[in-house]
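Me: Hi! I'm new to this one, could you walk me through it?
Reply: Happy to, let's look at it together.

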Amino acid sequence: MLQNLANGIWKISWGEPEIHTPLQHRPMPPAAEKLQALPAAPPLPLQAADFDCQINRRGVTIRLPMGPTEDIYGFGLQLLSFNHAGKKRHIKVNSDPRIDTGESHAPVPFYLSTAGYGLLVDSYRYVTFYMGTSTDRGASSAETAVNQQHQEFSEDALYALKRSKEIRHVIIEIPVAQGADLYLFAGNLQQAVCRYNLFSGGGVVPPLWGLGNWYRVYGGSDQTQVLNLARQLRDEAMPITVLGLEPGWHSHSYSCTYEWSDLFPQPERMIQQLTAENYQLNLWEHAYVYPASPLYSALKEHSGSYEVWHGLVPDFADPLARQIFADYHKTHLVDAGIAGFKLDECDNSDNNPSNWGFPDSAAFPSGMDGEQMHNALGQLYQMTLLQPFVQAKRRTLSQVRSSGALATGLPYVLYSDLYDHKEFIRGLCTAAFSGLLWTPEVRSCQDAEDLLRRLETVIFSPLALLNCWRIPNPPWQQYDIDLNLQHKLLAKAPRQALTAAVRKILQLRLRLLPYLYSAFVDYYLSGRPPIRPLVLDFETDPETHSIDDAFMFGPSLLVCPLTKADQGRRKVYLPVGTWYSFDGAERYDGGQWLQVTAAADEIPLFVRDNTLLPLAQPVTQLTDQPSFLLTVQSYGQGPASCVLYEDDFVSLDYQQQGFKAYTVSRTADGSVHYPDLGASHAYSWQA
Ligand code: GAL
C-alpha cells in the first residue's frame, strides 16, 4: 500500500524495518508547510502493484520496473560517474573511492529517475541497487544469432553493452534487515529533488562568512605563525574570511584530545585577535577520542566495541554520547569563539593499514552494528557538533568527510583527499541530486595554471576552500609542495603576477556573495540546490542528460570550468534558449555546443536570457555588519527579476522571522525598477 505522507510524497513498507535508520535519526523534521505550498504533484508513475518484495535470511530484496530509456541520478556524492542507468551501485561509505562501484564518502540510498520520481531506501545498511543491470531467466531467449562478433574480432564488439531492451528492473538488496520502508517523491528531476530536500527539512542557510573564501593553515604552524599568516593575508588584500587549523592544534591528533597543544599557549587571545581582524576560525578534528582526552572517561561506556587509532568510537546514535561530546565542544571551543569544525576521517578508512577503521561486526551500545555505524557516522557526527551552535543560537558552516540521507539541512560541506580536477567538478554536479554540498578544494598544484584553474572551480562551489594544511607559505607564493616546505618561493615577478591573479579570482567570489546568499535562501525556501547540474534545469533537453562538467550557479549563471588538461580550450553545451557572455557583449543561441577558449585567469560564464544579476563592489573582509555596494547587470530584453534576501546573516532568527526580500525587476519596456533599500543594513545601490 502506498501511503500518502505529503503533497507528492509516498511511503511503502514491508516486514519489520530496523530500529536504526536515517528516518529514525533524521536531523530535522520535514518542512511540512513548504511542501504543502508546492503546486500539486504530478501523479507518481509507480503503483503499489509495481513493487515486489521478498524477505529471507539474506535480508530484503525489492524489485520495481525500469523503462528502456530511463536515466538515473543520485546515490550521494559520486565522483566517478553521473548517470547510473545500467550500473550496480553499492551504498557503502569509503574514504578512498577510486573505482566506480557507487561507494563514496557520502553514499546515499536515494536516486532520481527521469521516469518522474525519486526513491529513498530508509536504511543504513550497505544497500545494493542494480539499476537495470539484470535480465530475467529466459528474457533473452529470442536472441539466437551467433558468432556475429567473431567475424571481425574487436573488443568493442565483444563487450558491447548488453542492455535489456524492453523491460528493465531496479533491484534493491538490503542485507540483514527483515523489513524496509521506501519513500517516493513525485515529479520531474528538479521537482523530485526539491521534494526530497524539503522532506529533509529544507536547504542550509549558511552564515554569510561561510560563503566567503577559506584558507586552511599549515598543520605545523604555531600560534604566532597563524597570526602572522592572518596579517600577511590582509596585507596582500586577499579576501579570506575563514581560517582553519589542522591537526597540530590538538595536544594529540590521531586519536584526538580536543585540547590545545603547547603550540597554542593562549588560544583565547588568538581567537580574539583573529576576530578583530574579521576572521572566523574553524578547527580540524575527528571523532576518535584519545585516552588522555578529558572526554575519554565519560564516553567510554558510550562507545563501540573497537578502537580507532587507540581512541574510542563514540556511539553518536546514543543521545547521551552526543550530549557529552557536544557539551564539551560548546564550553571549551564554541563559547570561546570557534566558528565551526572540520569533521575528518568519519568515512571508513578501513582500506588503509592498521586500525584506521572498525569492523562491520562492531557493537555499539545503542544497538547499531559496525556496518550501520559506518554509513551513519558522518551524519550523526554532524548532528552532534551542530548542537553547540544551535544552543548558542549561532549558525555555522563546517566541513565533513562523510554524509548520508536526509542531510540537506545540515550546514556541512563535503571534501576529499582525492584530487582529480574533472572528478571534483563532477562532484559539484552529483552532490546536488542528494541534497549534499561539496567543495572541490584547492591543495598543491602542478603549476600556476593548475592553481588558477582549480581556484576558478572552487569559487563557484558551496565552499571556496584553499586547503594549505601541507604548505607553510600560500600557494600563490609557491605552488610546489617540496619547494614550499623549503620556503623556496617563486621569483618576484611571477609571484606578483600569480598573487594578483589569485586575488582577482577570490574577489569575484565576494562580488557574487549577495547573489549566492540569496540562492541559498532559495534552497531553504524551495529546496532547489544553489549549485546544480544542467539536467536539473533543462531536463527536456536530452543533451543535458550526460553533462557533468558544467553546472548552474544560482538561478542564472552557467559555469564552464576549465582544467589544466584542457589546455585553454573546451566544449560547452548551452541548453535550449538564449545565453549571454558574462560581460554581456556576446549573445548565443542555445541548443548547441560551443568551443570556448579561456586564458589561465579566465573562467567562461554564461548568463541565462532575461537575467538581472546583482554584483557587489569587491570587499576584502566581512565585518559583523557587512555592507555591499551593488550594481545590477541586465541581460536580454524581456521581463526579468531577481530577489536579494537579507537578515542578520549569522543567527538562527530567520527560522522564526524569515528574510527581508528586495526584488529588482525589469518590465516589458526594458526599464529596470530598483526597490528602495532604505530599510536595508547590508545593501545599497552604487550611484
Ligand atoms: C586528512 C584530511 C586533510 C587533512 C589531513 C590532516 O584526512 O582530508 O584535509 O586535514 O587529514 O591529517
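Me: Let's start with the ligand. How far is an oxygen atom of the ligand from an N or O atom in the side chain of Glu246?
Reply: That distance is 2.4 Å. Keep in mind that this is a predicted model.

Me: And how much of the ligand does the protein bury?
Reply: The protein buries 94% of the 310 Å² that the ligand exposes when taken alone.

Me: Which residues are around the ligand?
Reply: Besides Glu246, Tyr254 and Asp417, the residues around the ligand include Pro247, Trp284, Lys342, Asp344 and Glu345. Arg401, Tyr415, Asn467 and Trp469 are also among them.

Me: How does that shell divide into nonpolar, polar and charged residues?
Reply: Six are charged, five are nonpolar and one is polar.

Me: New topic: sheets. In what order do the strands of the six-strand sheet come?
Reply: The order is β1-β2-β11-β8-β7-β5, in an open sheet with antiparallel pairing.

Me: Why is one side of β1 and of β5 left without a neighbour in the sheet?
Reply: β1 (3-6) and β5 (72-76) are at the edges and have a single partner strand each, so one side of each has no neighbour in the sheet. From one strand to the next, the twist averages 25°.

Me: How many bridges are there between β8 and β11?
Reply: Five bridges pair β8 (residues 117-121) with β11 (residues 178-186), in the antiparallel sense. One of the pairs is Val121 with its bridge partner Leu182 in β11.

Me: Which helix lies across these strands?
Reply: That's α4 (residues 189-199), which lies across β1, β2, β5, β7, β8 and β11. Helix α4 runs at about 125° to β11.

Me: And the three-strand sheet, what is its order?
Reply: That open sheet goes β27-β28-β32, and its pairing is mixed. β27 (611-616) and β32 (683-685) are the edge strands, each pairing on one side only. Here the twist averages 40° from one strand to the next.

Me: How do β28 and β32 run, parallel or antiparallel?
Reply: They run parallel, with three bridges joining β28 (residues 628-635) to β32. Leu629, for instance, has Ser684 in β32 as its bridge partner.

Methods:
Residues numbered from 1 in each chain as written. Predicted model: local features only at pLDDT ≥ 70, side-chain atom pairs only at ≥ 80, totals over all residues. Heavy atoms only, no water. Near = heavy atom within 4 Å. Polar contact = N/O pair within 3.5 Å; in protein donor to acceptor, adjacent residues only side chain to side chain. Areas by Shrake-Rupley, 256 points an atom, 1.4 Å probe, with all protein chains shown as cover. Nonpolar A, V, L, I, M, F, W, Y, C, P; charged D, E, K, R; others polar. Pairing = 2+ DSSP bridges. Helix = DSSP H or I, 4+ residues; strand = E, 2+ residues; numbered from the N terminus. Axes fitted to C-alpha atoms, helices over the stretch in contact; angles between N-to-C directions. Contact = heavy atoms within 4.5 Å.
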